[in-house]
Amino acid sequence: MDSHHSYSQVKGVSTGTTILAVKFNGGVIIGSDSRASMGESYVSSKTINKLIQVHDRIFCCIAGSLADAQAVTKMAKFQLSFHSIQMESPPLVKAAASIMRELCYNNKEELQAGFITAGWDRKKGPQIYVVSLGGMLLSQPYTIGGSGSTYIYGYVDAKFKPDMSLEEATQFSTNALALAMGRDNVSGGVVHLVVITEAEVKHVVVPGNKLPKFHDE
Amino acid sequence: TVPVNGSEEGKIKAPKPMKTGTTIAGVVYKDGVVLGADTRATSEEVVADKMCAKIHYIAPNIYCCGAGTAADTEKTTDMLSSNLTIFSMNSGRNPRVVMAVNILQDMLFRYRGMIGAHLILGGVDCTGSHLYTVGPYGSMDKVPYLAMGSGKLPAMGILEDRFKGNMDLEEAKALVSDAIHAGIMSDLASGNNIDLCVITKEGVDYIRPHRESIYNYKRQAKYKYKPGTTPVLNKTVNQLELVHETVQMMETAGSS
């Protein structure tokens, strides 16, 4: 049954992916592609959701093994919800990121998944945290992840400006994802963007044919 | 391999577990969900079961197609069904498809891929018609149509070509049936008949078989031997003698 020869070290369905998060004036935008692959040659889903909501204003982008990532985010969602009830107030983004980090670090032998946790809270406003494979936790103004991210390091480093407007940040994210999806074979499908601000959470989908086109396409 | 008589010759190979090298498919249509499966179960190159049932009952409104190791899919779906029944009784609520998916996901993730169950779950509950896939490592995805198993590539080809949202019943049945048929034709480990299961708000129509294989073999003669075919050469009767009889009373709770 498993005839798909795999160079990927992830067993089962992988989200060989491109994910990103960027802070703008008043909120964060997180984005991802929508492809799930098994091995390098079979796309097992064109419409997978990699932006998982763990609380009202906190989202996680997932990369790596789909099974591991879904299990970790489920656990984190539960723990975060419990924490929020005990504290009788919405959780901090840092708290969500810490929960993910604990799970990733303590189970680093068994898990193969990385995350970008981003959201908005009352204390520090919009924030982005990276929780990588081994359980490192880092806060950044913008970040990219997944296999497709290697192709856009130059682009994001050159084009990022602090305090962008919503439109600029949306354009920045869409361009970055489109460029990565154009070069990475295990990233593709549609672009999912979620805009998180104090007031609301907005989900934008950019279908393949509406993506920005670059030279040579 | 087990050496016989301590020698290299005559090594007995342990039989490989029976796999359902299979084609299964599911499609969401206007009024519900249609699930389909072939009926061949193989043990390496031998067809172990020509009329294997791969669409398993989970709840009155939820059915599950299973591909992978036959024993794993059987047991997993059985356990899921029991859990959901207990839940129903305890909470007084009908089970939802998402709950079945969550339970499956938790269990398969815990076993880290050792349980070879690739499942397509479909059902209709108070929130609508749903189709989910759960992988052996515990990954899940919600989809409008899907095929799994060794014959999934040809089946997906048919589904990708002809799937439309909001199909009516006959269209949906024909699509699933054709997808399974493509899998049967292009994959050696899928074959024999096609089962369909239609789940709607009103109830379930389990059509087994929906389409029979045209290669059904009719036995040409009987293979039973008449009594007396084998001659009896010798007969010895050993009377067993009753040596000792004891009766032991057991305490069973609630016995009067």
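How many salt bridges does the rule find across the interface of chain A and chain B? In this predicted model, the rule finds two salt bridges across that interface. In one of them, E160(B) pairs with K46(A), and the closest N and O atoms of the two residues are 2.8 Å apart.

The elements of chain A that give two or more residues to the side touching chain B are strand 4 (42-45) and helix 1 (66-87). Of these, helix 1 of chain A gives the most, with six residues. When the residues on this side of chain A are sorted by kind, they divide into nine nonpolar, four polar and five charged.

The size of an interface is often given as the accessible area lost when the parts come together. The table gives this value for the two chains, together with the counts of contacts.

| Item for chain A and chain B | Value |
|---|---|
| Residues in contact | 18 residues of chain A, 18 residues of chain B |
| Area buried | about 1600 Å², 56% from carbon and sulfur atoms |
| Residue pairs in polar contact | eight residue pairs |

Within chain B, helix 4 (residues 169-186) has 18 residues and reaches 26 Å from its first C-alpha to its last, close to the 26 Å expected at 1.5 Å a residue. Among the buried residues of this helix are L175(B), V176(B), A179(B), I180(B) and G183(B). An α-helix has 3.6 residues a turn, so residues three or four places apart point the same way. The cover over the buried residues of helix 4 of chain B includes helix 3 (152-162) as well as strand 1 (24-29), strand 2 (32-38), strand 11 (194-200) and strand 12 (204-211) of chain B.

Technical notes
Residues numbered from 1 in each chain as written. Chains lettered and ligands numbered in written order. Predicted model: local features only at pLDDT ≥ 70, side-chain atom pairs only at ≥ 80, totals over all residues. Heavy atoms only, no water. Helix = DSSP H or I, 4+ residues; strand = E, 2+ residues; numbered from the N terminus. Expected span 1.5 Å × (residues − 1). Buried < 20%, exposed > 50% of the residue type's maximum accessible area, 1.4 Å probe, protein only. Contact = heavy atoms within 4.5 Å. Buried area = accessible area lost by both parts, 1.4 Å probe. Salt bridge = Lys/Arg side-chain N within 4 Å of Asp/Glu carboxyl O. Polar contact = N/O pair within 3.5 Å; in protein donor to acceptor, adjacent residues only side chain to side chain. Nonpolar A, V, L, I, M, F, W, Y, C, P; charged D, E, K, R; others polar.
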